[in-house]
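This report concerns one protein chain and how its parts pack together. The structure is shown first, and the description comes after it.

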Amino acid sequence: DINDDAFKHIEAIIHSMTPDERRRPSIINVSRKQRIAKGSGRKLEDVNALMKQFDQMGKMMKMMQGPQGRQLMQMMGKGKKELKSD
């Protein structure tokens, strides 16, 4: 169970971005981050943290598409079966 308020600051940051920034996060430079932080009522560090999380998630998704990702998913699937049999 996650509190609904846990994502409100993330939503505020995303809503402070322009549609183009949402489509292409790579165009977000320091001055844009400052504007987004000010518009969302958050700190610059919060915007940086969200951008970093987004980047890491993208890298993880790319990794999952390759053969190593398939192997990892297969291993995770086997682990679930083992847990169910306990």
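The model is predicted: local features need pLDDT of at least 70, side-chain atom pairs count only at pLDDT 80 or more, and totals for chains, interfaces and linings use all residues. Residues are numbered from 1 along each chain as its sequence is written, and side-chain values use heavy atoms, with hydrogens and water left out.

**Overall fold**

The chain has 5 helices and 0 strands, where helices (H or I, at least four residues) and strands (E, at least two) are DSSP runs numbered from the N terminus. Read from the N terminus, the order of elements is α-α-α-α-α. Of the 86 residues in the chain, 16% are buried. Buried stands for under 20% relative accessible area, exposed for over 50%, and partly exposed for values in between (1.4 Å probe, protein chains only). When contacts between residues at least 6 apart in sequence are taken, 29% of them join residues at least 24 apart; contact means heavy atoms within 4.5 Å.

**Helix 1 against helix 4**

Two packed helices are described by the angle between their axes and the distance between the axes. Helix 1 (residues 8-15) and helix 4 (residues 44-65) have axes that come within 11 Å and cross at roughly 90 degrees. Helix 1 is therefore roughly perpendicular to helix 4. The axes are lines fitted to C-alpha atoms, for helices over the stretch in contact, and angles run from 0 to 180 degrees between N-to-C directions. Angles of 65 to 115 degrees count as roughly perpendicular, those under 35 as roughly parallel, those over 145 as roughly antiparallel, and the rest as oblique.

Helix 1 contributes Ile10, Ile13 and Ile14 to the contact, and helix 4 contributes Asp46, Val47 and Leu50. Sorted by class, this contact of helix 1 with helix 4 has 5 nonpolar, no polar and 1 charged residues. In this sorting Ala, Val, Leu, Ile, Met, Phe, Trp, Tyr, Cys and Pro are nonpolar, Asp, Glu, Lys and Arg are charged, and the others, Gly among them, are polar.

**The nonpolar core**

A nonpolar core is a set of buried Ala, Val, Leu, Ile, Met, Phe, Trp, Tyr and Cys residues joined through side-chain atoms within 4.5 Å. The largest one has 8 residues, namely Ile13, Met17, Ile28, Ile36, Ala37, Val47, Leu50 and Met51. Helix 3 (30-40) and helix 4 are the elements that give two or more residues to this core, and helix 4 provides its largest share, 3 residues. Ile28 is in contact with Met17, Glu21, Lys33, Ile36 and Met51, leaving aside its neighbours within four places in sequence.

**Ser16 and Ser40**

Ser16 is in the loop between helix 1 and helix 2 (19-23). Ser16 counts as buried because its relative accessible area is 17%. Apart from neighbours within four places in sequence, Ser16 is in contact with Glu21, Arg35, Ile36, Gly39 and Ser40. A polar atom of the Ser16 side chain lies 3.1 Å from the backbone nitrogen of Ser40.

Ser40 is in helix 3 and is buried as well, with a relative accessible area of 13%. Residues up to four places away in sequence aside, Ser40 touches Ala12, Ile13 and Ser16.

**Pairs apart in sequence**

Several C-alpha pairs link separate parts of the chain, and the table lists them.

| Pair | Separation in sequence | C-alpha distance |
|---|---|---|
| Ala12 and Arg42 | 30 residues | 8.3 Å |
| Asp55 and Ser26 | 29 residues | 9.6 Å |
| Lys43 and Ile13 | 30 residues | 9.9 Å |
| Val30 and Leu44 | 14 residues | 9.0 Å |

Ala12 belongs to helix 1 and is partly exposed, with a relative accessible area of 24%. Asp55 lies in helix 4 and is also partly exposed, at a relative accessible area of 42%. Lys43 sits in the loop between helix 3 and helix 4; Lys43 is classed as exposed because its relative accessible area is 57%. Val30 is part of helix 3 and is exposed, with a relative accessible area of 53%.

Conventions
A polar contact is a pair of N or O atoms within 3.5 Å; within protein, one must be able to donate a hydrogen and the other to accept it, and residues adjacent in sequence count only if both atoms are side-chain atoms.
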